[in-house]
Amino acid sequence: KLDEQGAAGVCFEEVIRIQKNKLGLQNETMAKSLFKMGENYAKRGKARSAIDCFQDSLRIRRRLAGDESEVVSLTLHRLANAYVLTKANDKALLCFKEAHRVRRDNNDADSREMAELA
(Lines give C-alpha, C1' and ligand atoms only; values in the text may rest on other atoms or scores of the structure.)
Protein backbone atom coordinates (compact mmCIF):
# COMPACT_ATOMS: atom_id res chain seq x y z
CA LYS A 1 0.00 0.00 0.00
CA LEU A 2 1.39 3.39 -1.00
CA ASP A 3 1.42 6.27 1.43
CA GLU A 4 0.67 9.80 0.17
CA GLN A 5 4.32 10.58 -0.64
CA GLY A 6 4.73 7.27 -2.46
CA ALA A 7 1.56 7.84 -4.46
CA ALA A 8 2.76 11.34 -5.33
CA GLY A 9 6.07 9.87 -6.45
CA VAL A 10 4.31 7.50 -8.84
CA CYS A 11 2.34 10.45 -10.24
CA PHE A 12 5.51 12.56 -10.67
CA GLU A 13 7.17 9.73 -12.58
CA GLU A 14 4.18 9.52 -14.93
CA VAL A 15 4.11 13.31 -15.38
CA ILE A 16 7.82 13.30 -16.29
CA ARG A 17 7.28 10.49 -18.80
CA ILE A 18 4.44 12.38 -20.48
CA GLN A 19 6.25 15.73 -20.45
CA LYS A 20 9.38 14.18 -21.93
CA ASN A 21 7.33 12.80 -24.82
CA LYS A 22 5.29 15.99 -25.38
CA LEU A 23 7.76 18.78 -24.55
CA GLY A 24 11.23 17.28 -24.64
CA LEU A 25 13.79 17.67 -21.88
CA GLN A 26 15.01 21.26 -22.18
CA ASN A 27 12.24 23.43 -20.77
CA GLU A 28 11.31 24.96 -17.43
CA THR A 29 8.23 22.76 -17.09
CA MET A 30 10.44 19.66 -17.13
CA ALA A 31 12.95 21.30 -14.77
CA LYS A 32 10.16 22.15 -12.34
CA SER A 33 8.74 18.61 -12.46
CA LEU A 34 12.18 17.11 -11.85
CA PHE A 35 12.67 19.51 -8.95
CA LYS A 36 9.33 18.51 -7.38
CA MET A 37 10.09 14.84 -7.92
CA GLY A 38 13.46 15.35 -6.23
CA GLU A 39 11.71 16.89 -3.23
CA ASN A 40 9.37 13.91 -3.11
CA TYR A 41 12.25 11.43 -3.20
CA ALA A 42 14.06 13.34 -0.45
CA LYS A 43 10.96 13.27 1.78
CA ARG A 44 10.77 9.51 1.29
CA GLY A 45 14.46 9.04 2.17
CA LYS A 46 15.49 8.17 -1.39
CA ALA A 47 18.43 10.56 -1.42
CA ARG A 48 20.24 9.10 -4.46
CA SER A 49 17.12 9.43 -6.60
CA ALA A 50 16.58 12.96 -5.24
CA ILE A 51 20.15 13.89 -6.21
CA ASP A 52 19.61 12.58 -9.74
CA CYS A 53 16.43 14.66 -10.13
CA PHE A 54 17.96 17.83 -8.69
CA GLN A 55 21.05 17.45 -10.91
CA ASP A 56 18.87 17.06 -14.01
CA SER A 57 16.74 20.04 -12.99
CA LEU A 58 19.87 22.09 -12.31
CA ARG A 59 21.35 21.31 -15.75
CA ILE A 60 18.16 22.45 -17.48
CA ARG A 61 17.77 25.56 -15.34
CA ARG A 62 21.40 26.61 -15.84
CA ARG A 63 20.99 26.27 -19.59
CA LEU A 64 17.71 28.22 -19.64
CA ALA A 65 18.21 30.83 -16.90
CA GLY A 66 21.99 31.07 -16.48
CA ASP A 67 24.28 30.29 -13.55
CA GLU A 68 23.35 33.47 -11.69
CA SER A 69 19.62 32.78 -11.60
CA GLU A 70 17.77 32.61 -8.30
CA VAL A 71 16.00 29.44 -9.45
CA VAL A 72 19.44 27.86 -9.95
CA SER A 73 20.32 28.92 -6.40
CA LEU A 74 17.19 27.28 -5.03
CA THR A 75 17.91 24.06 -6.93
CA LEU A 76 21.50 24.05 -5.66
CA HIS A 77 20.21 24.41 -2.11
CA ARG A 78 17.89 21.40 -2.46
CA LEU A 79 20.70 19.42 -4.10
CA ALA A 80 22.96 20.25 -1.15
CA ASN A 81 20.30 19.02 1.29
CA ALA A 82 20.10 15.73 -0.62
CA TYR A 83 23.90 15.37 -0.50
CA VAL A 84 23.73 15.83 3.28
CA LEU A 85 21.34 12.87 3.45
CA THR A 86 23.99 10.70 1.76
CA LYS A 87 26.75 12.14 3.96
CA ALA A 88 28.47 13.60 0.87
CA ASN A 89 29.31 16.66 2.94
CA ASP A 90 32.02 18.03 0.62
CA LYS A 91 29.59 18.12 -2.30
CA ALA A 92 26.88 19.57 -0.06
CA LEU A 93 29.18 22.34 1.12
CA LEU A 94 30.09 23.30 -2.46
CA CYS A 95 26.42 23.49 -3.43
CA PHE A 96 25.49 25.48 -0.30
CA LYS A 97 28.32 27.95 -0.97
CA GLU A 98 27.36 28.44 -4.61
CA ALA A 99 23.67 28.85 -3.71
CA HIS A 100 24.57 31.43 -1.07
CA ARG A 101 26.81 33.36 -3.49
CA VAL A 102 24.07 33.56 -6.12
CA ARG A 103 21.51 34.70 -3.54
CA ARG A 104 23.92 37.30 -2.18
CA ASP A 105 24.69 38.59 -5.68
CA ASN A 106 20.96 38.76 -6.48
CA ASN A 107 19.82 40.27 -3.20
CA ASP A 108 17.02 42.18 -4.92
CA ALA A 109 15.15 39.07 -6.11
CA ASP A 110 11.43 38.88 -5.43
CA SER A 111 10.80 35.97 -3.04
CA ARG A 112 7.24 35.43 -4.33
CA GLU A 113 8.61 34.95 -7.82
CA MET A 114 11.05 32.36 -6.44
CA ALA A 115 8.23 30.47 -4.73
CA GLU A 116 6.42 30.21 -8.06
CA LEU A 117 9.51 28.92 -9.86
CA ALA A 118 10.17 26.10 -7.40
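**Note on a predicted helical model**

1. Helix H3 has 19 residues and spans 26 Å from its first C-alpha to its last, close to the 27 Å expected at 1.5 Å a residue. The expected span is 1.5 Å times one less than the number of residues in the helix. Helices (H or I, at least four residues) and strands (E, at least two) are DSSP runs, numbered from the N terminus.

2. On the basis of the values, this is a predicted model in which local features need pLDDT of at least 70 and side-chain atom pairs count only at pLDDT 80 or more, while totals for chains, interfaces and linings use all residues. Residues are numbered from 1 along each chain as its sequence is written, and side-chain values use heavy atoms, with hydrogens and water left out.

3. Within H3, the buried residues are Ala 47, Ala 50, Ile 51, Cys 53, Phe 54, Ser 57, Leu 58, Ile 60 and Arg 61. Buried means under 20% relative accessible area, exposed over 50%, and partly exposed in between (1.4 Å probe, protein chains only). Just after H3, Gly 66 adopts a positive phi of about 90°.

4. The largest nonpolar core has 18 residues, and those with the most contacts inside it are Phe 54, Leu 76, Leu 79, Tyr 83 and Cys 95. Two or more residues each come from helix H2 (28-43), helix H3 (47-65), helix H4 (70-85) and helix H5 (89-105). H4 gives the most to this core, with seven residues. A nonpolar core is a set of buried Ala, Val, Leu, Ile, Met, Phe, Trp, Tyr and Cys residues joined through side-chain atoms within 4.5 Å. In soluble globular proteins, nonpolar side chains tend to be buried together.

5. Cys 53 counts as buried because its relative accessibility is 5%, and Cys 95 counts as buried at 9%. Apart from its neighbours within four places in sequence, Cys 95 is in contact (heavy atoms within 4.5 Å) with Leu 76, Leu 79, Ala 80 and Tyr 83. The structure holds zero disulfides, a disulfide being a pair of cysteine sulfur atoms within 2.5 Å.

6. The count of salt bridges comes to ten. A salt bridge is a side-chain nitrogen of Lys or Arg within 4 Å of a carboxyl oxygen of Asp or Glu. One of them joins Lys 36 to Glu 39, with the closest N and O atoms 4.0 Å apart. Both residues lie in helix H2, three residues apart, about one turn of the helix. Lys 36 is partly exposed at 30% relative accessibility, whereas Glu 39, at 16%, is buried.

7. Asp 105 takes part in salt bridges with Arg 101 (3.1 Å, N to O) and with Arg 104, where the closest N and O atoms are 3.5 Å apart. Salt bridges that share partners join Glu 68, Arg 101, Arg 104 and Asp 105 into one network. Because Asp 105 and Arg 101 are four residues apart in helix H5, about one helical turn separates them. The relative accessible area is 44% for Asp 105, which is partly exposed; Arg 101 is partly exposed at 26%, and Arg 104 is partly exposed at 48%.

8. Lys 87 has a positive phi of about 65° although it is not a glycine. Most residues other than glycine have a negative phi. Lys 87 is placed in the loop between H4 and H5 and, at 68% relative accessibility, counts as exposed.
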